[in-house]
Number of protein chains: 2
Amino acid sequence: MRLQDIVRGLEEGNRRALARAITYVENDYPEGKEIMKRVFKKTGNAHVVGITGFPGVGKSTTVSKLVQKFREKGRKVGVVAVDPGSPFTGGALLGDRLRMEGLDVSKNLWLDPGVFFRSMSSRGRAGGLAAKTGDVIRLLDAFGFDVILVETVGAGQSEVDIVEVADTSIVVMMPEMGDDIQINKAGILEIGDIYVVNKADLGGAEKTVKWLKSMIMMDQEAVEILSKTSHADEYAVESGEIFERMKRSSDWTPPIITTVADRGEGIDELVDAIEKHFNHLKSSGKLKERRVRRISREVFSIITEEIRNILINEKGGSFREVVEMVVNNEIDPHTAAERMIRDLRTNT
Amino acid sequence: MRLQDIVRGLEEGNRRALARAITYVENDYPEGKEIMKRVFKKTGNAHVVGITGFPGVGKSTTVSKLVQKFREKGRKVGVVAVDPGSPFTGGALLGDRLRMEGLDVSKNLWLDPGVFFRSMSSRGRAGGLAAKTGDVIRLLDAFGFDVILVETVGAGQSEVDIVEVADTSIVVMMPEMGDDIQINKAGILEIGDIYVVNKADLGGAEKTVKWLKSMIMMDQEAVEILSKTSHADEYAVESGEIFERMKRSSDWTPPIITTVADRGEGIDELVDAIEKHFNHLKSSGKLKERRVRRISREVFSIITEEIRNILINEKGGSFREVVEMVVNNEIDPHTAAERMIRDLRTNT
């Protein structure tokens, strides 16, 4: 498929063209960049919804039910599953398979032209989740999907990184997960615009809801107190987007929805909350704010990638030279970096 | 404390000077860079050992026992615990407290001048684990610690990132953790130079050892096959250090040590394996190879940080301008990045 065929294919709603475009973007082919440049003007309309949470809480089932519900409402839905899987023992391929089995309950979704599913591996990508996922989301956006669900698979940093790409972040938990220090430490409690306590039929859901409520309240208070102190800037720099997200508390109290996703219970409420949050973002001007920050980070991460390419290709010789000097204890890494930046900026 | 007092303090073995130097480095004070430049020539002697694994497998206890054993052998030991904790609900401070309780069995270690403990938060740091941890490790190295144990606390990407800073990576597991897809997905199976099956008294340890052995063998085979194909380069780029580490298989088969850390069982064997691996790295020339790669990444991450500073401060106006153009759909992020790089390189 030639580049212009792909771009035309995207305009005509050809799913094969979309799949091919994503592959180009994912693999950093020059065609990928060119496609992004050409489709860019059509982006910015979709609502990007991130879904995160520890393994086993039922994220995939929740996503699958959300897809169904949004389809019933006539929305076109794209799903991106970000899998930090290993390049050898699994990765995107295995993710795809697992996911399809997980979505078994709604196999017909795979035949629905209003639904598109893609899994991506974030592992080993410089710049992490944001760098590639941003472009993939934008392709789905340009293709005309109204809602783009971005699910992180597995545990870890990627759960926190989801705030980097989503307009609305949903944190999925299950009963009896409260009071656990590991949850605090994962940092996922601060990023939710909406919280879901799934598997509510297991019992203990009320306790978890209560605990979540108190955590959210504590966060709100902490942010309010901090915002008034001289430490606010320091924290903002340290925690970046997280702090910005927490500041939303003053005019958006994250709702806590209890669900039994595999029976479809609570999904209507969740869809309502998602739509309410999007409206809140739009009417309060926060949508633009979030997107400005997101695009700043994205442009910065593309710049970083490009600088890496310049250092490897164009400046490879002098880069290897300064590294060798550091290894031989002749200069320190900071001096080495300073020399390279001087070289980059004066000798083009 | 003035800069020269800190540098002299470091030379004289003053622990307060060390603590202060670490704080400067962690908080990105200009003094931190200056200290690093001055102490750099004294680095490169310590053996950096990374310890990683899921929460609850007994990493802290293992670390505490390793410290004791290395002390018995007359080695000075520095410990860095990297905690991806939240800036609000915990972070390094909470980590410290927990850790001290975890190390309760060996409280006397805290009074031993041959031991130094420091916990760091990796959260929100641009460049992740490698950027700051590299400098902190280097400070401990310059201070004269023979062995530096770097422990990751909590789950996630930081476990994989530990290969970025360690000469020797230890992956700690516990029985009945085998066969679990989550473990595969976390990618920690590929990074171990040494595997530990702790809590072996729980039963089921043999099964886990057997499973680990087969995984390691599969990895070796996969790497050998891949290395001979045209895909090798592709995988190497994708997975970076992981692939380099896996290639070690051909001349280092990772031993699997069963331990009951809280009773001190298996710790002698673990210390032997750690020392054997260091000797292997030195005699095979792999130590230098690993350090060249590590320093390349480190210099690159300092360059990235500096570019970020230049974009925020010196070029803030034009950066905001191109971001605004992207938000308004006038240009795409790649074009924006290209413009900024041109600006960086021609208009100094």
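In chain B, helices α12(B) and α13(B) are roughly perpendicular to each other (an angle of 65 to 115 degrees). The axes of α12 (residues 267-284) and α13 (residues 286-312) of chain B come within 5 Å and cross at roughly 90°; axes are lines fitted to C-alpha atoms over the stretch in contact, with angles running from 0 to 180 degrees between N-to-C directions. Helices are DSSP runs (H or I) of at least four residues, numbered from the N terminus. The model is predicted, with local features requiring pLDDT of at least 70 and side-chain atom pairs pLDDT 80 or more, whereas totals for chains, interfaces and linings use all residues. Residues are numbered from 1 along each chain, and chains are lettered from A in the order in which they are written.

From α12(B), Leu281(B), Lys282(B) and Ser284(B) meet Lys286(B), Leu287(B) and Arg290(B) of α13(B), contact being defined by C-beta atoms, placed from the backbone, within 7 Å. This contact comprises 2 nonpolar, 1 polar and 3 charged residues.

In chain A, the axes of α4 (residues 59-72) and α12 (residues 267-284) come within 10 Å and cross at roughly 75°. Lys65(A), Leu66(A), Lys69(A) and Phe70(A) of α4(A) form the contact with Ile267(A), Asp268(A), Leu270(A) and Val271(A) of α12(A). These residues divide into 5 nonpolar, no polar and 3 charged.

In helix α3 (residues 30-39) of chain B, the buried residues are Gly32(B), Lys33(B), Ile35(B), Met36(B) and Val39(B) (buried: 20 or more other C-beta atoms within 10 Å of the residue's own). Viewed down the axis of α3(B), the buried residues fall within an arc of 160° and therefore line one face of the helix.

Terms used:
A residue is buried if 20 or more other C-beta atoms lie within 10 Å of its own, exposed if 12 or fewer, and partly exposed in between; C-beta atoms are placed from the backbone. Helices (H or I, at least four residues) and strands (E, at least two) are DSSP runs, numbered from the N terminus. The arc is that of the directions from the helix axis to the C-beta atoms. Two residues are in contact if their C-beta atoms, placed from the backbone, lie within 7 Å. Ala, Val, Leu, Ile, Met, Phe, Trp, Tyr, Cys and Pro count as nonpolar, Asp, Glu, Lys and Arg as charged, and the others, Gly among them, as polar. Angles under 35 degrees count as roughly parallel, over 145 as roughly antiparallel, 65 to 115 as roughly perpendicular and the rest as oblique.
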